[in-house]
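Visitor: I have a model open and would like to go through it with you. Where shall we begin?

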Amino acid sequence: MIMLYGSQQDYDQLSGLPSDKPAMTAEQVAAMHAHMEKVHQALAESGELVDARGLSAPAHARRVQFTGGLPVVTDGPYPETQEVLAGYTIVECASFDRATEIAAGFVDPDAAGGYVDVRPVLDGLEDLAG
């Protein structure tokens with residue numbers, strides 16, 4: 001699974017809402033969507049794409065934690081700079097190295113500090129030992 005991250009501030013920038021960062025232009029949004037579509041289309045054509053989804057903004061999230069044995073629910077958004085899972089792509093490919101190579105295609109080389117995480121999806125508890 002390739003996990004992509006963002007913050008409420010990133011979602012605000014993307015949707016043109018007030019933010020510390022300038023709003024993305026329609027051209028920038030279109031270019032970002034075109035890039036994601038191109039990467040996913042290439043994965044679909046190679047037979048490596050299993051699933052890919054974006055997630056709604058942190059403003060629509062709820063965090064459930066236990067305090068004193070009781071559930072405490074906190075509605076988003078969380079602090080604007082707190083990174084959260086923004087989307088994911090699941091690939092079925094020949095190796096972890098290939099998955100890492102695919103993941104590199106999601107990182108914007110012009111965005112300082114941008115990253116994605118790559119982690120194998122477990123088939124069962126026996127995979128935890130590996």
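**Strand pairing and confidence**

Guide: We may begin with a bridge: Arg-62 has Asp-75 in β4 as its bridge partner. Strands are DSSP runs of E with at least two residues, helices are runs of H or I with at least four, and both are numbered from the N terminus.

Visitor: How many bridges do β3 and β4 have, and in which sense do they pair?

Guide: β3 and β4 pair over six bridges in the antiparallel sense. Two strands are taken as paired if DSSP finds at least two bridges between them.

Visitor: And what lies between β3 and β4?

Guide: Two residues lie between them in a hairpin, and Gly-68 in the turn has a positive phi of about 60°.

Visitor: Is strand β3 buried or in the open?

Guide: Strand β3 (residues 62–67) lies largely in the open, because the number buried among its six residues is zero. Buried means under 20% relative accessible area, exposed over 50%, and partly exposed in between, with a 1.4 Å probe and protein chains only.

Visitor: Which residues make the nonpolar surface patch?

Guide: Val-64, Phe-66 and Val-73 make a nonpolar patch of about 320 Å². Val-73 belongs to strand β4 (residues 70–75). Patch residues have over 30% relative accessible area and no salt bridge, and nonpolar side chains (Val, Leu, Ile, Met, Phe, Trp, Tyr) are joined within 5 Å. A salt bridge is a side-chain nitrogen of Lys or Arg within 4 Å of a carboxyl oxygen of Asp or Glu.

Visitor: How far can I trust this?

Guide: This is a predicted model, in which local features need pLDDT of at least 70, side-chain atom pairs count only at pLDDT 80 or more, and totals for chains, interfaces and linings use all residues. Residues are numbered from 1 along each chain as its sequence is written, and side-chain values use heavy atoms, without hydrogens and water. The average pLDDT, the predictor's confidence from 0 to 100, is 90, and 95% of the residues score at least 70.

Visitor: Where is confidence lowest and where highest?

Guide: Confidence is lowest in helix α1 (residues 8–15), with a mean of 88, and highest in helix α3 (residues 96–104), at 97.

Visitor: In what order do the strands of the open sheet run?

Guide: Its four strands follow the order β2-β5-β1-β6, with antiparallel pairing. The edge strands, each pairing on one side only, are β2 (49–54) and β6 (116–118).

Terms used:
Patches are made of residues with over 30% relative accessible area and no salt bridge: like charges are joined within 9 Å, nonpolar side chains (Val, Leu, Ile, Met, Phe, Trp, Tyr) within 5 Å. Accessible areas come from the Shrake-Rupley method with a 1.4 Å probe; for residues, only the protein chains shown count as cover.
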